[in-house]
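Student: I have a model open and want to go through it region by region. Can we start with the open spaces and then move on to the packing?

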Amino acid sequence: MRDWLGEVHAWRDGLAHLSATDLPLPDATAPAADLNALQPADLTLAAVRAHAQAAPRLQRHAEEAARQVQAATETVTALTEKLHQAQQAAPVPAPPPWRTRTPGDGVPLWALVDFAPGLHSADADRLEGALLVAGLLDALVTPDGRVCGGDLTLTPTTPAPGRTLADLLVVEDTPAIDTTRVGEILAAIPLDAPGSDTAAGRLAHGVLTASAPAGYRAAFIGRTTRERARQQHVRRLEDDLAAARSTLKEAEDHLAGRRRDITAAAAERDSLPPVTQVDDARDHAADRRAAADALQHRTAVALADADRALERILAELEAAAAARTAAVDAAALTHEHARHSEARAAEAARIAEDAAAEQAAIAQASADARARAAAAQQAADTEQDAFPRQEIESVEAAHRAEDAAEQDLNRARADVVKATGRHEDAGKAVSEALRALNRAAALPAGDMLRTEPDYLDARRESVAQFVGHIQAWAPAAQRVADLLARADGDRQQAAERRTRHTQAQQEADRIRRRAEEEAATVAEMQALHGAQYQELLARRDATAEKLRQAEDRAEQCRSRQQEADRQASAAQATLVMVAPQREAAEKNRDACLAQLGRLVDEHLAQVPDDIPTEGPGRPANITAGLAWARRLLADAPGGTDRRTVLERQRDRDLTLLETAARKASTGLAGFDRQVTLLGIEDTPWRRAVVADPAAVRGEDVTTTVQDLKATAAQLEDDLRADIKQVLKTSLFTRLQRDIQLRREAALELVAQIHDTLKDVRTGVAHVGVQVEWDVRTDYGIIADRLSATVLLHQVRALGDGPIDRRLNEATTPVALNLLDLTRTPPRLAPQTLTVVENPSVLKAAMECASPQPMACTSGQLRAVDHVLLQLAVDQGVRLRYTGDLDAAGLHIAATVQQTYGAELIAMDTALVRAAGDLPSAVPLGPLPSICDPALAAQLRTTGRVLYQEHDAVLTRLLDPASSKQGGCCTARESVE
């Protein structure tokens with residue numbers, strides 16, 4: 001239980017979304033009673049409730065994040081639409097809110113004029129700004145001078161004297177408005193009126209004086225100006241779109257995080273440690289408790305038997321111990337007395353021996369004195385004999401010494417006598433002590449106590465062992481004493497229970513007597529009110545039965561209510577858990593309905609009249625959309641893999657459409673037109689449009705064909721041959737003027753490229769523009785098919801035509817124009833053709849003697865390039881393409897890949913990393929949305945354009961093994 005509670009505590013401490021305060025838990029060190037009172041089912045219900053409380057908050061966060069994603073998606077969609085519109089058409093001045101202008105009303109002034117050649121750009125900016133403020137820039141010019149309601153209309157009047165707008169603006173040809181009329185309008189607007197100052201950006205006309213806004217840049221007058229403004233607007237929109245997509249990505253990440261929080265909250269609820277182990281532990285504890293009770297009972301019985309046996313053994317041990325203790329005490333006393341007697345006898349013997357030794361020393365001293373006296377006497381006798389007179393004093397001294405020695409000898413003898421007496425007394429004391437010892441050592445049987453050291457040691461060990469036994473028995477004796485005390489307490493409790501039992505029995509007797517009295521009273525009342533009593537009794541029984549049934553129903557209702565509450569909690573939890581799936585399903589439903597609506601918006605299909613619609617012909621709801629979808633797919637094959645079959649059929653149709661578009665582009669190349677397949681955003685659909693270099697946006701193929709057929713039929717029916725020739729001539733004149741304008745813009749662009757890239761190592765620094773048109777009176781109008789060329793190197797041909805022979809015999813790159821590829825096209829051999837963007841790559845391939853077939857488009861794709869690529873695809877040539885890693889190069893690569901199925905090489909992240917941190921000095925600029933995200937991120941890391949002339953690109957493209965002796969040349973050598 002404590003282990004499970006510890007796991008639950010760890011689980012609660014790790015909660016991130018559920019509230020821990022809603023999950024009360026006892027401490028892991030709480031008493032066992034508190035732990036046993038804990039119900040795991042209550043904790044599980046609390047976890048479910050905590051999740052039910054946290055789920056709405058997390059769901060609100062997810063919904064808020066979803067709204068942010070929706071807002072960001074709408075912003076991205078709006079910007080994408082604006083960008084698409086900006087890419088297709090140049091911007092126009094913002095109209096006032098009251099204007100209701102239609103295309104048939106007229107043409108605004110800015111679309112009819114252009115700045116005069118030589119007009120400085122600053123003057124042009126101020127002039128257009130003044131016209132915009134005055135309202136003249138966007139004013140209508142109508143063919144017949146008709147005034148449109150809610151709009152400003154310009155009509156020609158008398159030419160103004162002095163300088164006029166006609167001096168600063170030139171008229172462009174427009175079929176809808178006569179150029180003479182436009183010139184008259186310009187000539188009627190003076191520039192020298194009082195208050196006018198074109199240098200300061202002020203234009204006065206009557207009571208009006210318009211001043212150009214500060215810092216205003218021209219954006220509407222002239223095709224070049226509009227194209228520049230369009231490109232700037234596109235760049236701004238691309239930056240805004242990139243920022244909006246970044247915001248959308250962050251919002252989607254935030255939404256994903258909120259949805260992960262919902263999933264994590266459910267996971268936290270489900271990760272509560274299972275309660276099965278607690279139930280198993282409790283069942284096991286109950287089993288062990290029952291076994292412990294049984295064991296305790298058996299132990300109590302065994303303890304009682306052991307206590308009785310212990311009491312008997314203790315009694316015997318106490319008797320034996322008492323007897324042995326008495327014997328040991330007597331022996332100890334006797335041994336102690338004998339030891340003291342022995343000590344006294346030994347002390348007396350020691351004293352006697354000391355006295356004897358002292359007497360012996362005295363006797364020895366007396367003997368020595370006697371010997372010395374005898375020697376002295378002998379010496380005295382000798383001296384007396386020798387000197388009788390002279391040595392009288394010596395003799396007398398000797399006599400005195402002899403007398404003294406005699407006295408010492410007598411005293412020594414007396415001491416010897418005394419010592420002998422004392423020795424005898426000591427002997428008697430020793431004898432008496434030995435007799436006392438013998439009496440003390442006498443055993444009860446009459447034997448003498450043995451006094452050998454070994455016997456005494458063995459006796460001492462026995463006594464120590466007996467003492468150890470006594471000490472070992474002491475806990476048992478203490479246990480017996482405790483059991484006796486517990487038995488005494490149990491006896492007292494039994495006495496108290498006996499007293500309570502007696503009191504309870506007395507109370508029961510009183511109650512019984514009272515019940516008997518009540519029964520007698522009831523019997524008396526029954527006798528007095530028999531029928532009524534029986535009726536009341538039956539009514540009471542019926543009421544009691546109804547009450548029991550009502551209680552049963554109430555219990556059943558409570559059970560059903562609890563079950564309903566549990567099911568409601570589970571259902572609520574299920575609803576919370578499926579909320580993301582429901583929201584995803586609703587989004588998918590809306591997306592599918594919007595996809596069906598796109599069919600109508602893109603004019604790809606129409607909803608039948610019997611199906612409800614809304615707005616511009618869209619299905620009104622999902623039911624109408626499903627009915628329409630069933631009709632659209634009525635002829636499609638069925639089955640479980642229906643979608644797969646339809647997708648395959650769609651892919652085959654797209655392949656056929658792409659092939660047909662390439663063939664049509666090849667046929668239209670002579671007319672400077674091409675058919676391009678444009679992807680419809682957020683769909684796998686394609687739209688075929690006819691691209692016209694003079695048009696801002698392409699026109700749908702179906703619409704173009706219908707218009708051309710109608711125009712041709714109308715012209716054939718209405719116009720005479722001479723009028724047709726005049727129209728063709730006027731159209732060519734206008735087209736020639738347009739081409740001249742574009743040529744001048746291209747020359748200016750090339751000059752700017754020369755100035756910008758003069759110090760940059762790149763192959764596009766020497767780009768030139770050569771555009772030539774001519775009118776032949778005998779054949780009419782022909783397009784330029786000679787100036788634009790494509791370079792081919794090491795390309796093998798199988799035919800025997802002039803172009804085939806040129807390709808097979810050439811050792812340097814061959815330049816083929818559009819006339820070569822359309823009049824005498826070569827028959828190419830099966831090979832892998834590498835298409836590059838810059839001619840310097842071909843030069844590097846020549847110097848390295850690379851054998852691989854290569855073609856160069858020299859920048860953007862032109863009609864001659866499209867014809868060559870389509871010719872290669874039709875003849876089974878495998879295409880590879882590589883270009884500069886900038887916006888233009890990535891656009892060209894996407895076109896070649898999507899249109900002709902070419903493989904892109906040397907345009908990946910590994911190449912960018914190999915080129916280093918500074919591959920060129922040209923800033924990168926905005927990248928197109930079609931660019932691979934990983935490649936775009938790597939390019940933005942360096943912030944520079946990577947051109948094909950870089951050493952890393954050439955190393956990747958050109959095979960070093962096939963180079964001449966000396967190895968492949970470097971990029972610097974090949975370019976310089």
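Student: What volume does the second largest pocket have?

Tutor: The second largest pocket has a volume of about 1300 Å³. A pocket here is an open set of points on a 1 Å grid over the protein atoms alone, with protein on both sides within 12 Å along at least five of seven lines, and lining residues have an atom within 4 Å of a point. Grid points are joined across faces, edges and corners, and a volume is the space filled by probe spheres set on the points. Note that this is a predicted model, where local features need pLDDT of at least 70 and side-chain atom pairs count only at pLDDT 80 or more, while totals for chains, interfaces and linings use all residues. Residues are numbered from 1 along each chain as its sequence is written, and side-chain values use heavy atoms, with hydrogens and water left out.

Student: Which helix gives the largest share of the lining?

Tutor: Helix 13, with nine residues. Helix 11 (530-601), helix 12 (622-632) and helix 13 (642-668) each supply at least two. Helices are DSSP runs of H or I with at least four residues, strands are runs of E with at least two, and both are numbered from the N terminus.

Student: Is Leu 599 buried or exposed?

Tutor: Leu 599 counts as buried, at 15% relative accessibility. Buried means under 20% relative accessible area, exposed over 50%, and partly exposed in between, with a 1.4 Å probe and protein chains only. Leu 599 sits in helix 11. Beyond its neighbours within four places in sequence, Leu 599 is in contact (heavy atoms within 4.5 Å) with Leu 604, Ala 605, Trp 628, Leu 632 and Trp 685.

Student: What is the phi of Gln 794?

Tutor: Gln 794 has a positive phi of about 60°, although it is not a glycine. Most residues other than glycine have a negative phi. Gln 794 is in the loop between strand 15 (789-793) and helix 16 (802-809), and at 39% relative accessibility it counts as partly exposed.

Student: Which residues touch the most other members of the largest nonpolar core?

Tutor: Leu 792, Leu 807, Leu 816, Leu 821, Leu 879 and Leu 885, in a core of 60 residues. Helix 19 (residues 863-874) gives the largest share of this core, six residues. A nonpolar core is a set of buried Ala, Val, Leu, Ile, Met, Phe, Trp, Tyr and Cys residues joined through side-chain atoms within 4.5 Å.

Student: Change of topic: how many aromatic pairs are there?

Tutor: One aromatic pair. The rings of Trp 110 and Phe 220 have centres 6.3 Å apart and planes at 55°, so the pair is tilted. Rings of Phe, Tyr and Trp (its six-membered ring) pair if their centres lie within 6.5 Å; planes under 30 degrees apart count as stacked, over 60 as edge-to-face and the rest as tilted. Trp 110 is buried at 10% relative accessible area, and Phe 220 is buried at 11%.

Terms used. 1 Å grid on protein atoms, 1.4 Å probe; cavity = no way out; pocket = protein on both sides within 12 Å on 5 of 7 lines; lining within 4 Å.
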